[in-house]
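Trainee: I am new to this structure and would like to go through its pockets. Could we take them one at a time?

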Amino acid sequence: METIGAPAARRAALAAQGFTDPVPTGPVTRRHLQRVLDRVRLLQLDSVNVAVRAHYMPVFSRLGPYARTLLDEAAWSHSARRPRMLVEYWAHEASLLPVADWPLLQSGAKRSGWWRHYGALVEANPGLVDDVLAAVRELGPVGAGELEAVLGGCSRRRPPGATWWERSDVKRICEYLFGTGALTTGTRRHFQRLYDLPERVLPPEVLAAGPADPEQSARTLVLRSASALGVATEPELRDYYRLGPTTSQRAVAQLVDEGALAPVAVRGWNRPAYRLPGAKVPRTVTGRALLCPFDPLIWERERTERIFGFRYRIEIYVPEPRREFGYYVFPFLLDGELVARVDLKADRAAGVLRVPGAFAEPGVDEPRMVAELAGALREMAQWLELDGVVVGERGGLAGVLAAALR
């Protein structure tokens, strides 16, 4: 088994996530977006919009300023000239993933999610399933609220012969059908999911592929994870797509036997790790990036602490007096290290990016880091079409960062 040092593992992880790829010097195109997708494999969706929606930020972190409509069109619209690149499904969490990966996620390789608890409702009300599918076929793309109105007796518009159903049952059935792949997201309106039939969303060749073999799909998903993570333990490979432990362990063992996955020992790690054979490890990593809490580089918190020596927790659900760093904190990556963290809020009414708190990691070259962080915050503010950056008072970095921005 090959043995590598922890710094090499960190550089391998950064390269796998696209942080050693060149940043575009001109306008960002679908080709650049595809390169990011080839690296990270999926973009997590989240409803929090304090600074910017979670799925937009990883692309910005790797490519710099880009038109967010580029991602919107790739995910939620299509035409003969510009086919859809992404589809929504439960992967790590609710995620955007390449349309070609749809059969893998529908194969049974993943365990059924929380929607399985609505199975009893489905069995008790098969007519409701038929009515929801018929309404989506007639009205889609359509939101759950409109479907509730149509099927719940709150509107004159309804499919012929539809039964009046309880509103909450309609929403639950929509979530169940989304989880089983009978419905997907046709588009979004103000971030509200509008349901549609997969045959009106996915390319014909993806639908024609038919059900994928679950064992082979699990192996493919583990390889996707290995490609995105660079060097990872089996639980980390498993977590990327939230596979079950037995499924993941069996897939990893088979891939090692086949030579498709190489075991590797990382000094200081207390578990065996794996990587793709022949994967390159860069000698250095340069550049800067602000990372949102749902960036795939850092979403597995124990891994983040082991690789970067950076303890990170999201404090959205922590009562304000007990928060250590802030409500929605972005780690700052500089030359391959996590060197600071900033609490961010886009104040759209005032037209500024607010930084209520700013904190440096111990032992950081502060003057250079502050200059780079100030530049990254200015760039993010401009990308969000805000007029400037305003720094608050929390954190030991706040004063010098405010001065640098002035």
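Trainee: By class, how many nonpolar, polar and charged residues are in the lining of the second largest pocket?

Mentor: Keep in mind that this is a predicted model. By class, the lining of the second largest pocket has seven nonpolar, three polar and six charged residues.

Trainee: Which element gives the largest share of the lining of the second largest pocket?

Mentor: Helix 9 (167-180) and strand 7 (192-196) each supply at least two residues of that lining. The largest share is three residues, and these come from strand 7.

Trainee: Which residues of the second largest pocket are the closest to its centre?

Mentor: The second largest pocket holds about 290 Å³ of space. It is lined by 16 residues, and the closest to its centre are Trp90, Ala94, Arg188, Phe191 and Arg193.

Trainee: Which helix gives the most to the lining of the largest pocket?

Mentor: The largest pocket has a volume of about 370 Å³. Helix 3 (57-63), strand 11 (288-290) and helix 15 (366-383) each supply at least two residues of its lining. With four residues, the element that gives the most is helix 3.

Trainee: Which residues lie nearest the centre of the largest pocket?

Mentor: By class, the lining of this pocket has 10 nonpolar, eight polar and five charged residues. Of the 23 residues that line the largest pocket, those nearest its centre are Val23, Ser61, Gly287, Arg288 and Ala289.

How values were computed:
Residues are numbered from 1 along each chain as its sequence is written. This is a predicted model: local features need pLDDT of at least 70, side-chain atom pairs count only at pLDDT 80 or more; totals for chains, interfaces and linings use all residues. Side-chain values use heavy atoms; hydrogens and water are left out. On a 1 Å grid over the protein atoms alone, a cavity is a set of points where a 1.4 Å probe fits but cannot get out, and a pocket is an open set with protein on both sides within 12 Å along at least five of seven lines; lining residues have an atom within 4 Å of a point. Grid points are joined across faces, edges and corners, and a volume is the space filled by probe spheres set on the points. Ala, Val, Leu, Ile, Met, Phe, Trp, Tyr, Cys and Pro count as nonpolar, Asp, Glu, Lys and Arg as charged, and the others, Gly among them, as polar.
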